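Here are a few friendly notes to read beside the model. Have a look at the structure first, then come back to the points below.

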Amino acid sequence: MSTHAYVVRVAEDPADREACFTVRKEVFVGEQGVPEDIEYDAYDAVAVHVLAVREDGVPLGTGRLLYGAAAAGKTGGDVTVGSLGRLAVTQAARGLGVGVALVRAIEDAARARGLVAVDLHAQTHALGFYERLGYVAYGPEFPDAGIPHRAMRRVL
């Protein structure tokens with residue numbers, strides 16, 4: 001377990017965005033076997049990406065927020081609801097509160113854009129994590145990249 005401090009920030013520059021993609025590749029492609037050609041999509045160009053980075057520069061986690069037209073297909077067409085996605089924390093950083101910090105940063109970004117709620121598609125093993133953060137599951141279980149998921153929402 002690391003004793004290093006970390007910060008969570010919006011990924012503003014190309015190096016930060018590359019760090020986000022590196023974490024996603026490690027977690028989703030490497031650990032979970034998601035095909036790389038579906039891990040990255042057109043939404044990456046318009047999303048707000050957040051990055052958790054250790055004080056020595058090592059990336060620990062990432063997530064993204066879709067809003068407006070980009071989120072509408074994931075939120076039932078409601079443009080007042082954002083879509084949290086691609087939340088990933090490196091194996092070495094799990095248990096340090098990085099995931100919670102990333103979710104809260106994404107919610108802050110949603111509030112700053114005038115959104116009233118955030119939806120997400122949670123892997124079923126992570127339902128408890130999101131429930132502890134105030135998200136409520138709705139609808140049936142469904143597969144995404146061969147992994148069972150449930151839709152969840154939190155009113156901000």
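**Notes on the charged pairs and the fold**

1. Glutamate 107 counts as buried, at 0% relative accessibility (buried means under 20% relative accessible area, exposed over 50%, partly exposed in between, with a 1.4 Å probe and protein chains only). Its side chain meets that of arginine 154 in a salt bridge, 2.9 Å from N to O (a side-chain nitrogen of Lys or Arg within 4 Å of a carboxyl oxygen of Asp or Glu). Glutamate 107 sits in helix α4 and arginine 154 in strand β7 (residues 147-155), 47 residues apart. Arginine 154 is buried too, with a relative accessible area of 19%.

2. Please keep in mind that this is a predicted model, where local features need pLDDT of at least 70, side-chain atom pairs count only at pLDDT 80 or more, and totals for chains, interfaces and linings use all residues. Residues are numbered from 1 along each chain as its sequence is written, and side-chain values use heavy atoms, leaving out hydrogens and water.

3. Arginine 64 and aspartate 41 also form a salt bridge (2.9 Å, N to O). Arginine 64 is buried at 2% relative accessible area, whereas aspartate 41 is partly exposed at 26%.

4. Of the 156 residues, 44% count as buried.

How values were computed. Helix = DSSP H or I, 4+ residues; strand = E, 2+ residues; numbered from the N terminus.
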